[in-house]
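Biologist: Can you put the model up? I'd like to go through some side chains with you.

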Amino acid sequence: MLKLENYITGSWISGDGEGQPLYNAFNGEVITNATTKGLDFAGILNYARRTGNPALRRMTFPERGRMLRAPAMHLREHLDQFYRISYLTGATRADSWIDLEGGIGNLFSYASLRRKFPDETFCLDGEGHNLGKAGTFMGQHLLVPKEGVAIHINAFNFPVWGMLEKIAVNLLAGVPAVVKPATVTSFLTEAVVREIAASGILPSGALQLICGSAGDLLDHVESQDVVTFTGSASTGQLLKAHPRILKENTPFNMEADSLNCLVLGEDIMPGKWGMGPVRQRAPERNDGQGWPEMYRGETDLRP
């Protein structure tokens, strides 16, 4: 059985053992397996800090922005391939459009933000302040990239958007990323990362991917790192309370309990019309907050 590979320390590496089987959502057949057993997670993070981080920190904001635009252009040339793989996750064409082209759109959007930043590796944070009467002593805050790595733990329902929307931010800020997608749909994330890696656009160490269990990854975070999580509130709270994260005071950002549901009758076959996703709207209330409004609709189950 073929196994997904992990893109780490500049190479594609398979984990040990058979790993977790990943299934075709429509017919239940095993597509591939995913495993991270035997990987050196401390080494993965150190590679990002020591190789990817310095390379990104040396780049100016305009250079980082143009770097984001290049893989976006490259990925658009492979959309047909990504749509075929996305179908295996159980996504319809409309669902895949949001995930794939919406994710690529994030790269374009953040690439355009380069125009709002100076042609420098840093930017000024506010105005300078005179701290002496004679004007010979003053202070100025600077915003500079962190010297760590952004660790992104993502949800199953957006295997591409979830990755691209997050790495667009950290790469523009000059920080490398280690992406851990939800295992069940990680085969789509892997396909996208393969194209990014093959393009040779990003500096070595700027983007790494692990497909499978996160193992002891969080045991090796440091104060200059950032951890983001998208998924259930219970899991997010568990990760946020990780002893290493608390000890290092590592920033932790959590987006939890997005509403996702699929209602599918046992008699529905591909090519027919059936009950589709229960969707979510977020209309504005008077206080500016949104609340979910549920409705049912029909979806074409054809790829």
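Modeller: Take E5 to begin with: its relative accessibility is 21%, so E5 counts as partly exposed. This is a predicted model.

Biologist: What does the side chain of E5 meet in a salt bridge?

Modeller: The partner is R194, with an N to O distance of 2.5 Å. R194 sits in helix 6, residues 186-199, while E5 belongs to the segment before strand 1 (6-8). The two are 189 residues apart, and the pair links distant parts of the chain.

Biologist: Is R194 buried, exposed or partly exposed?

Modeller: Partly exposed, because its relative accessible area is 31%. R194 also forms a salt bridge with E190, where the closest N and O atoms are 3.3 Å apart.

Biologist: And how are E190 and R194 placed in helix 6?

Modeller: They are four residues apart there, so about one helical turn separates them. E190 has 8% relative accessibility and therefore counts as buried. Put together, E5, E190 and R194 are linked in a network of salt bridges.

Biologist: How many salt bridges does the structure hold?

Modeller: Seven. Another one of them joins the side chains of R49 and E222, at 3.6 Å from N to O.

Biologist: Where do R49 and E222 lie?

Modeller: R49 is in helix 1, residues 41-57, and E222 is in the loop between strand 9 (207-209) and strand 10 (226-231). They are 173 residues apart in sequence, so this pair also ties together separate parts of the chain.

Biologist: Which is R49, buried or exposed?

Modeller: Buried: the relative accessible area of R49 is 10%. E222, on the other hand, counts as partly exposed because its relative accessibility is 32%.

Biologist: Changing topic. Where does T92 lie?

Modeller: In the loop between helix 3 (79-87) and helix 4 (93-112). T92 counts as buried, since its relative accessibility is 10% and the limit for buried is under 20%.

Biologist: What does the T92 side chain make a polar contact with?

Modeller: The side chain of D95, at 3.0 Å.

Biologist: Going back into helix 3, how much accessible area does S86 have?

Modeller: S86 is found in that helix, and its relative accessible area is 2%, so it is buried. Leaving aside neighbours within four places in sequence, S86 is in contact with A91, S96, L100 and L188.

Biologist: What about the surface? Which residues make the nonpolar patch of about 290 Å²?

Modeller: W97, I98 and F158 make that surface patch. Of these, W97 lies in helix 4.

Biologist: Last topic, confidence. What is the average pLDDT of the chain?

Modeller: The average is 88, and 84% of the residues score at least 70. Over residues 273-298, however, the pLDDT is below 50.

Biologist: How many contacts does the stretch 273-298 have in the model?

Modeller: Beyond near neighbours in sequence, that stretch has 50 contacts in the model. Those contacts belong to residues whose pLDDT is below 50.

Terms used:
Residues numbered from 1 in each chain as written. Predicted model: local features only at pLDDT ≥ 70, side-chain atom pairs only at ≥ 80, totals over all residues. Heavy atoms only, no water. Buried < 20%, exposed > 50% of the residue type's maximum accessible area, 1.4 Å probe, protein only. Polar contact = N/O pair within 3.5 Å; in protein donor to acceptor, adjacent residues only side chain to side chain. Salt bridge = Lys/Arg side-chain N within 4 Å of Asp/Glu carboxyl O. Patch = residues over 30% accessible without salt bridge, like charges linked within 9 Å, V, L, I, M, F, W, Y side chains within 5 Å. Areas by Shrake-Rupley, 256 points an atom, 1.4 Å probe, with all protein chains shown as cover. pLDDT = per-residue confidence, 0-100. Contact = heavy atoms within 4.5 Å.
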